[in-house]
Amino acid sequence: MNIRDRVASLLRPNEVAHAHCDIPCGIYHPHIAQQGAESVERMCVLIGELGTPSDAAGHATLSRYVAEKEKAAELVKHEVRILWGDYFKPPHLEMFPDLHDKAWNIMKLAGTARGSVSIDDAKALRAAVDEFADMFWKSKE
Amino acid sequence: MLAALAAMCSLRGRYYRVEVAGDSMRPTLRPGEFLVLRRGAPAPGRVDPGSIVALHDATGRLILKRVIGLPGESLRVGRSVLINRRPLIETYAQGETPQAQFRGANQLAEDEYFLIGDNRGASTDSRDFGPVRRERIEGTAAFRYWPLRRLGRIGTPRREFGTAAADDLPLGMIRARTGN
């Protein structure tokens, strides 16, 4: 036991106060963001296949696709923000100096993909999210 | 000598020490730090917003959380905290409230306080168990004495609000808008 530990053991209070979390904390996974990006692309494909609806049922389907696409794009942004803000720590920046740019870029791409019906935009988002997920997994190696 | 002993005894009654366990008060409090707490519930109207308080939770554990909402205030926790519709600027907090913990109170009742851990992505607090009545507060964090390099008073940050009326802007954007 070094001196610091000895002093700490002398000063240690008897009581413990918990700054606790009952939910499973510290569990991070890029899967949800990737799934969201995939959903955006899938919805673009479905919207393209649907074409211009001619009846109420078609309009309802289109509305569902659009709503789902926008929700998925927002989900991507939310999940990437959690990984970027909560999971990644300063030492990771040394490993990935462009981490902030990558996260920022995803916000922009997701915003664009949310507003457009472009498979290219969706693919760009997916590629950026996959790259971000790779960084996540590399940081754990 | 006797006077010093008497002073120490009286201090022991008014203050007590705890060791911090867990991560939910990061970055303010880290696990393994030793604190001095002022004993007892503060007097009515004397609970400072931003102070860190200790109380026993339903499982009997002593827990530490920060006072965010005061009696009479309306409060909403989304990506940021809105108090009476104004975004609270929280320089002490880190992370983001998970969607599953988005909560609010139309109005906190008399003597009710809303407590949240500083580590927003990893804390169980009023977002889960609801507001807490004043009499349940058992202590207020006053001082950190270990590790020595982080020794010092545990202050109460000045309460500041952003001017943005937006409901759910990320904290960073609110800071940018208000120039903080």
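What percentage of the 180 residues of chain B count as buried? In this predicted model, the share of chain B that counts as buried is 36%.

If you then draw the contacts in chain B between residues at least 6 apart in sequence, 63% of them join residues at least 24 apart.

Next, select the strands of the open sheet in chain B, whose 5 members follow the order E8-E5-E6-E7-E13 with antiparallel pairing. Strand E8 (103–105) and strand E13 (160–161) of chain B stand at the edges, and because each has a single partner strand, one side of each is left without a neighbour in the sheet. Zoom in on E7 of chain B, residues 86–89, which pairs with E13(B) in the antiparallel sense over 2 bridges; here B:Leu88 can be found opposite B:Phe161 of E13(B).

Now move to chain A and select helix H5 (residues 99–115) together with helix H6 (residues 119–139), whose axes come within 9 Å and cross at roughly 150 degrees. Since angles over 145 degrees count as roughly antiparallel, H5(A) is therefore roughly antiparallel to H6(A). The crossing in which H5(A) passes H6(A) is left-handed.

To see where the two helices meet, show side chains from H5(A), including A:Leu99, A:Ile106, A:Leu109 and A:Ala113, and from H6(A), among them A:Ala122, A:Leu125, A:Val129, A:Phe132 and A:Met135. Sorted by class, the contact of H5(A) with H6(A) has 12 nonpolar, 2 polar and 3 charged residues.

Definitions and conventions: Residues numbered from 1 in each chain as written. Chains lettered and ligands numbered in written order. Predicted model: local features only at pLDDT ≥ 70, side-chain atom pairs only at ≥ 80, totals over all residues. Buried ≥ 20, exposed ≤ 12 C-beta atoms within 10 Å, placed from the backbone. Contact = placed C-beta atoms within 7 Å. Axes fitted to C-alpha atoms, helices over the stretch in contact; angles between N-to-C directions. Helix = DSSP H or I, 4+ residues; strand = E, 2+ residues; numbered from the N terminus. Parallel < 35°, antiparallel > 145°, perpendicular 65-115°, else oblique. Left-handed = near helix turned anticlockwise from the far one by under 90°. Nonpolar A, V, L, I, M, F, W, Y, C, P; charged D, E, K, R; others polar. Pairing = 2+ DSSP bridges.
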